[in-house]
Amino acid sequence: MKKIAVILSGCGVYDGSEIYESVLTLLEIAKNGAEYQCMAPNIEQFHVINHLSGDIAENEKRNVLTEAARLARGDIIDLATAKAEDYDALIIPGGFGAAKNLSDFAINGSNCQVNGDVAAFTQAMHKAGKPVGLICITPAISPLLFGNTVKFTLGNDIDTIQTAEAMGGTHINCAVNDIVVDETLKVVTTPAYMLAGSITEAAAGIEKLVKKVLLLA
């Protein structure tokens, strides 16, 4: 049975992993006869957002791994302990946590950096020839992970596309229900909630992404 690593960035669209994208990813992995292991960096969140009001919770602090454990029903490991040889593929759901916690893309744009544990694990998987799937905003950091030749999608948001392309790589516009596949680098991306207006729209692209990642694994 293929085993898929899933990196989470917290819990909640505005400061962590997008919950629908994460659950849809886990569901699709299981539906296709594979198993998954959730993991997250053991670091403090960039900030905490009140998802009811949309405001920053000024005096509140949360841990990315602890929050991501909510999504994983407690079955989660510290990303720093994960070994690439134990997995057949990697998928990273979206949500602003990918741009605030897994990287600082939301803050520093094209001058951003990727969290060290995220970069080390992702690049170890990539160097071993294993496929990587990136969802929603997460493909924005693909040039930093895979180099200047990577092909990826962020849907059709011009500002985000230009910022990501300033780091390298080639952006390809993509419908919400489709995927962009870099066959050479084994990188698969889909827009999900960069474009989706509903959970069913997000699911359509995520289903294709998971199936393709498993096919390449």
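Visitor: At the start of α5, which backbone nitrogen does a side-chain oxygen of Asn115 reach?

Guide: In this predicted model, a side-chain oxygen of Asn115 comes to within 2.9 Å of the backbone nitrogen of Asp117. That contact lies at the start of α5.

Visitor: How many residues does α5 have, and what is its reach from first C-alpha to last?

Guide: Helix α5 covers residues 116-127, which is twelve residues. Its reach is 16 Å, close to the 16 Å expected at 1.5 Å a residue.

Visitor: Which residues of α5 are buried?

Guide: Start with the general idea. An α-helix has 3.6 residues a turn, so residues three or four places apart point the same way. Now the case here: Val118, Ala119, Phe121, Thr122 and Met125 are the buried residues in α5.

Visitor: What covers the buried residues of α5?

Guide: The cover includes the strands β1 (3-7), β2 (35-40), β4 (89-92) and β5 (132-135), along with helix α6 (142-146).

Visitor: Now the whole chain. How many helices and strands are there?

Guide: The chain has eight helices and nine strands. Its radius of gyration is 15 Å, close to the 17 Å that the globule rule gives for 217 residues, so the chain is as compact as a globular protein of that length.

Visitor: What share of the residues count as buried?

Guide: Of the 217 residues, 54% count as buried. Turning to contacts with a separation of 6 or more, 68% of them are accounted for by residues 24 or more positions apart.

Key. Residues numbered from 1 in each chain as written. Predicted model: local features only at pLDDT ≥ 70, side-chain atom pairs only at ≥ 80, totals over all residues. Heavy atoms only, no water. Helix = DSSP H or I, 4+ residues; strand = E, 2+ residues; numbered from the N terminus. Expected span 1.5 Å × (residues − 1). Buried < 20%, exposed > 50% of the residue type's maximum accessible area, 1.4 Å probe, protein only. Contact = heavy atoms within 4.5 Å. Polar contact = N/O pair within 3.5 Å; in protein donor to acceptor, adjacent residues only side chain to side chain. Rg over C-alpha atoms; globule rule 2.2 N^0.38 Å.
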